[in-house]
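Biologist: Could you walk me through this one? I'd like to go over the rings and the sheet with you.

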Amino acid sequence: MTGYGKAEYIFAEHKTIVEIRSLNSKQLDLNFKTAPLFRDKEVELRAMIREIVERGKVDVIITSQPVDTTKSVANSLVDWLLLKSYVDEYKQHAEELGQQANFVPTELINAFIRLPGVIRETSAAETLLEEEWQLLQSTVQKALDEFRKFRIQEGEASQKMFEEKLTDIESLLADIEPFEKGRVEHIKEHLLENLNMLADKTKQAIDKNRLEQEMIYYLEKLDITEEKVRLINHIRYFRECMNAGNTGVGKKLGFVAQEMGREINTLGSKSNQSEMQIIVVKMKDILEQIKEQVLNVL
């Protein structure tokens, strides 16, 4: 859900810049910061954004500044108190920045002048002209188009990453098989060895039929065939959802990733060999990377 779009226009010797930024969020959290001239149109602009953006912490910043700063200041009323507050704040932190506290560079003064509210045009219209309103709407739409392109690129990169990580999990799952086959015989030999030692000490014979029954029950509890099958099915379903290209698939992918985690955890609890446990830890690490990136999917 990260995204960025930017567009601008020039009207009546002023340049207006529209920026749209987005970070991850479960819901749509839309924040506006606009120049005073456009505040009356915020409701309509919000509606435009909501039609395109479904989720994310979205910041919409619309700034307007004179093309010619010198000319603008000459025909402006300056809020000297506000300008002085910026200068005073700079002086308080100048030494921390390695600058002289009693000297403010000219370029910094010019930057302060461009901040919202410092200057007010005496000749500027107090209301937004219809011509500029139409221009603003088209510029916001251009920024949204750039925003969507950015998200599409992010989505393609995420899909490629998901495919690589899923393939890695499948590869690790295949690496478990050699250890899985050998551990059954190892467990049998280990149990028989301990039981024979116990029989020698107690001078009592082992009931082989009962032993075979208990052995089957014990080995069934350690069998991981079902977990492997379910994990493979979850991986296949993850791919199906990812490739469907539907909106709102992010939550579904999150649920599937949780189910994959359950199967991997069960594999770990049933693994009684260090080699298998190391493989399971690697699978968990890869799955966590998938879960983190799933949060960025709409």
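This is a predicted model: local features need pLDDT of at least 70, side-chain atom pairs count only at pLDDT 80 or more; totals for chains, interfaces and linings use all residues.

Biologist: OK, how many aromatic pairs does the count come to?

Modeller: The count comes to 1 aromatic pair, where rings of Phe, Tyr and Trp (its six-membered ring) pair if their centres lie within 6.5 Å. F162 and F238 form this pair, which is edge-to-face, with 5.4 Å centre to centre and 75° between the planes; planes over 60 degrees apart count as edge-to-face, under 30 as stacked and the rest as tilted.

Biologist: And why does the pair tie together parts that are apart in sequence?

Modeller: Because F162 lies in helix α5 (residues 130–202) and F238 in helix α7 (residues 225–244), the pair ties together parts that are 76 residues apart in sequence. Helices here are DSSP runs of H or I with at least four residues, strands are runs of E with at least two, and both are numbered from the N terminus.

Biologist: Are F162 and F238 buried or exposed?

Modeller: Both F162 and F238 are buried, meaning under 20% relative accessible area, against over 50% for exposed and in between for partly exposed (1.4 Å probe, protein chains only).

Biologist: Switching to the sheet, what order do the strands have?

Modeller: The open sheet of 4 strands has the order β1-β2-β4-β3, with mixed pairing, and two strands pair if DSSP finds at least two bridges between them. Its edge strands are β1 (3–11) and β3 (28–34), each pairing on one side only.

Note on methods: Residues are numbered from 1 along each chain as its sequence is written. Side-chain values use heavy atoms; hydrogens and water are left out.
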